Amino acid sequence: MSVVKSKRSQSQLEFLQTARNLQIFTVQKCVNTIPKRHTFYIGQGLAESAASVYRNVKRGNSIYPLNQHEVQMRRDFFLRAYAELQSLVSQIEVAYELIRFDEKILHEWASLISSEMKLIQSVMKKDRERYKNIQ
């Protein structure tokens, strides 16, 4: 059953798909855009940061809190993913200054990162409301 496009809303698990898309996009750009002589200095770091974001949101989502400690663990994973996104932005800026790849790539990367940041922030906000009564 289809939903009319104007009536669609944001999926609760969209942050997982966006993180996965970011990792795939980053690896593709590292392989296809970054010259081989820069792969070990730039490409590997970018790919590892994107993979770390995906791993952390996946780990955070796998925790179904029953107590305050588990709520904090879940939040910590989302905070790590958010911090890694901030780091990824800095690494991409350095890569762009060194390599000067196409600006369309840069804008698409920035769009993926920006949407993932917003999604993670919204998940953390919903978690705060949802788990505020857990002891």
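Student: How many helices and how many strands are there in the protein chain?

Tutor: This is a predicted model, and its protein chain has four helices and zero strands. Along the sequence the pattern reads α-α-α-α. The C-alpha trace spans about 55 × 40 × 20 Å along its principal axes.

Student: What share of the residues of the protein chain counts as buried?

Tutor: Of its 135 residues, 38% count as buried. The cut-off for that word is under 20% relative accessible area. The accessible surface comes to about 8,900 Å², and 52% of that belongs to carbon and sulfur atoms.

Student: Why is the pair of Phe 15 and Phe 78 called edge-to-face?

Tutor: Two values decide it. The ring centres are 5.6 Å apart and the planes stand at 80°. A pair needs centres within 6.5 Å, and edge-to-face needs planes over 60 degrees apart. Both conditions hold, so Phe 15 and Phe 78 form an edge-to-face pair. The whole structure holds four aromatic pairs.

Student: What makes this a pair that ties together separate parts of the sequence?

Tutor: Phe 15 belongs to helix α1 (residues 14–32) and Phe 78 to helix α3 (residues 68–99), so the pair joins parts 63 residues apart in sequence.

Student: Are Phe 15 and Phe 78 buried or exposed, and how do you know that?

Tutor: Phe 15 has 3% relative accessibility and Phe 78 has 0%. Buried means under 20%, so Phe 15 counts as buried, and so does Phe 78.

Student: Why does the pair of Tyr 96 and Phe 101 count as edge-to-face?

Tutor: The centres of the two rings lie 5.5 Å apart and their planes meet at 70°. With centres within 6.5 Å and planes over 60 degrees apart as the conditions, the pair of Tyr 96 and Phe 101 is therefore edge-to-face. Tyr 96 and Phe 101 are both buried.

Student: Which residues form one aromatic cluster?

Tutor: The cluster consists of Phe 25, Tyr 96, Phe 101 and Trp 109.

Student: How do you know that Glu 48 and Arg 55 meet in a salt bridge?

Tutor: Their side chains come to 2.6 Å, N to O. The limit is 4 Å between a side-chain nitrogen of Lys or Arg and a carboxyl oxygen of Asp or Glu, so the contact between Glu 48 and Arg 55 qualifies. The structure holds three salt bridges.

Student: What makes Glu 48 and Arg 55 partly exposed?

Tutor: Glu 48 has 43% relative accessibility, and Arg 55 has a relative accessible area of 34%. Buried is under 20% and exposed is over 50%. Both values fall in between, so Glu 48 and Arg 55 are partly exposed.

Student: Why is the contact between Asp 127 and Arg 74 a salt bridge?

Tutor: The closest N and O atoms of Asp 127 and Arg 74 are 2.6 Å apart, and the limit is 4 Å. Asp 127 lies in helix α4 (residues 103–130) and Arg 74 in helix α3, so this pair ties together parts 53 residues apart in sequence. With a relative accessible area of 8%, Asp 127 is buried. Arg 74, at 6% relative accessibility, counts as buried too.

Student: What makes Arg 74, Asp 127 and Arg 130 a network?

Tutor: Salt bridges link these residues. Asp 127 bridges to Arg 74, and its side chain also meets that of Arg 130, at 3.2 Å, N to O. Asp 127 and Arg 130 both lie in helix α4, three residues apart, about one turn of the helix. An α-helix has 3.6 residues a turn, so residues three or four places apart point the same way. Arg 130 is partly exposed, with a relative accessible area of 48%.

Student: How do you know that the span of α4 is close to what is expected?

Tutor: Helix α4 has 28 residues and reaches 40 Å from its first C-alpha to its last, against 40 Å expected at 1.5 Å a residue. Its buried residues include Ile 105, Trp 109, Leu 112 and Asp 127. Their cover includes α1, α2 (36–61) and α3.

Student: What makes Arg 100 worth a look, and is Arg 100 buried or exposed?

Tutor: Its phi is near 55°, a positive value in a residue other than glycine. Most residues other than glycine have a negative phi. Arg 100 is found in the loop between α3 and α4. Its relative accessible area is 54%, and the cut-off for exposed is over 50%, so Arg 100 is exposed.

Note on methods
Residues numbered from 1 in each chain as written. Heavy atoms only, no water. Phe/Tyr/Trp six-rings, centres within 6.5 Å; stacked < 30°, edge-to-face > 60°. Helix = DSSP H or I, 4+ residues; strand = E, 2+ residues; numbered from the N terminus. Buried < 20%, exposed > 50% of the residue type's maximum accessible area, 1.4 Å probe, protein only. Expected span 1.5 Å × (residues − 1). Contact = heavy atoms within 4.5 Å. Areas by Shrake-Rupley, 256 points an atom, 1.4 Å probe, with all protein chains shown as cover.
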